[in-house]
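Thanks for coming. I will go through one model this morning, helix by helix, and then turn to a pocket.

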Amino acid sequence: MDVLEQLAKTFFDWEAMWAVVPEMLTVGLPNTLILAIASGAIGCLLGMILAVMGISRNPIPRWIARVYTDVFRGLPAILTILLIGLGLGPVFRSLTGSTNPFPLAILALSLMAAAYIGEIFRSGIQSVEKGQLEASRALGFSYGSAMSLIVIPQGIRRVLPALVNQLISLIKDSSLIYLLGLLASQREIFRIGNDAAANTGNLSPLVAAGLLYLLLTVPLTHVVNFMDKRMREGRAQKVEPDEAAAVIGKGATT
């Protein structure tokens, strides 16, 4: 019982958890969403460029996209953030005069996300039947027009669930930017919980941060499952009353 009581006091002290919730909601949550959404948008743009390079007929762009993807998918996220945030930090400060770590943090998260999103887009584009491109060319579309207007939109639609999964990963990876040093107003969810845990010697604030991450990611996970099911099964067709009556009448006569 002593072990269980100690565990409860260390990780599930509800007063300590509740004490940090207001700051997590007013400061940490907006900063976390800014990091995730901004890096997700930039990552999608860079990822589409990588996907187009990856399916290019020219071997040089394909090779560049492959090397980029292998490097940023292979490096640990924490190392990438440190290399960009601390390595480019002095250059960024000398050019802009700003000490805000958010731009470099967003850059690091975007570069990592682009490597994964590029592969997602590439697989989606290549999953579109070749007949779509051939039919478009037969109708007079150029190769570029057929890809941009016909093939790529279909490929993007097929990988929407995977893109939402990547957004979930970005929300969690945003917790690593605390390594770059943050002002009180710049802290994200994890940093607020970590600071409170360090000040009180109790780990319950970190559990509160974890619960808030769950509140963000679990609904998105269900959105992914719903989108995946809808794309696999299609929209349910509604049977009009007259058609239903005709079917029932036909069954009765037979």
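In which helix is the place of Tyr68? Tyr68 sits in helix α3, which covers residues 59–74. Bear in mind throughout that this is a predicted model.

As for Ala138, Tyr68 is 70 residues from Ala138 in sequence, and the two C-alpha atoms are 35 Å apart in space.

Now to the helix pairs.

Helix α2 takes in residues 14–54, and α6 runs over 102–127. They pack at about 45°, and their axes are 5 Å apart. An angle of that value makes α2 oblique to α6. The crossing of α2 past α6 is right-handed. By class, the contact of α2 with α6 consists of 20 nonpolar residues, 8 polar and 1 charged.

Next, α6 with α8. Here the axes cross at roughly 115° and come within 7 Å. The crossing of α6 past α8 is again a right-handed one. On the α6 side the residues are Phe121, Gly124, Ile125 and Ser127, and they meet Met147, Val151, Ile152, Gly155, Ile156 and Arg158 of α8. That contact of α6 with α8 divides into 6 nonpolar, 3 polar and 1 charged residues.

The last pair is α7, residues 130–138, with α8, residues 143–158. The angle between them is about 140° and the axes are 9 Å apart, which makes α7 oblique to α8. The handedness is right-handed for α7 passing α8. From α7 the contact uses Gln132, Leu133, Ser136 and Arg137, while α8 brings Tyr143, Ala146, Met147, Ile150, Val151 and Gln154. Sorted by class, the contact of α7 with α8 holds 6 nonpolar, 3 polar and 1 charged residues.

How much space lies in the largest pocket? The volume is about 260 Å³. Its lining consists of Ile55, Arg57, Ile125, Gln126, Val128, Glu129, Lys130, Leu133, Tyr143, Met147 and Val151. By class, that lining has 7 nonpolar, 1 polar and 3 charged residues.

Which helix gives the most to this lining? The answer is α8, with 3 residues. At least two residues of the lining come from each of α6, α7 and α8.

Methods
Residues are numbered from 1 along each chain as its sequence is written. This is a predicted model: local features need pLDDT of at least 70, side-chain atom pairs count only at pLDDT 80 or more; totals for chains, interfaces and linings use all residues. Side-chain values use heavy atoms; hydrogens and water are left out. Axes are lines fitted to C-alpha atoms, for helices over the stretch in contact, and angles run from 0 to 180 degrees between N-to-C directions. Helices (H or I, at least four residues) and strands (E, at least two) are DSSP runs, numbered from the N terminus. Angles under 35 degrees count as roughly parallel, over 145 as roughly antiparallel, 65 to 115 as roughly perpendicular and the rest as oblique. A crossing is left-handed if the near helix is turned anticlockwise from the far one by less than a right angle, and right-handed if clockwise. Contact means heavy atoms within 4.5 Å. Ala, Val, Leu, Ile, Met, Phe, Trp, Tyr, Cys and Pro count as nonpolar, Asp, Glu, Lys and Arg as charged, and the others, Gly among them, as polar. On a 1 Å grid over the protein atoms alone, a cavity is a set of points where a 1.4 Å probe fits but cannot get out, and a pocket is an open set with protein on both sides within 12 Å along at least five of seven lines; lining residues have an atom within 4 Å of a point. Grid points are joined across faces, edges and corners, and a volume is the space filled by probe spheres set on the points.
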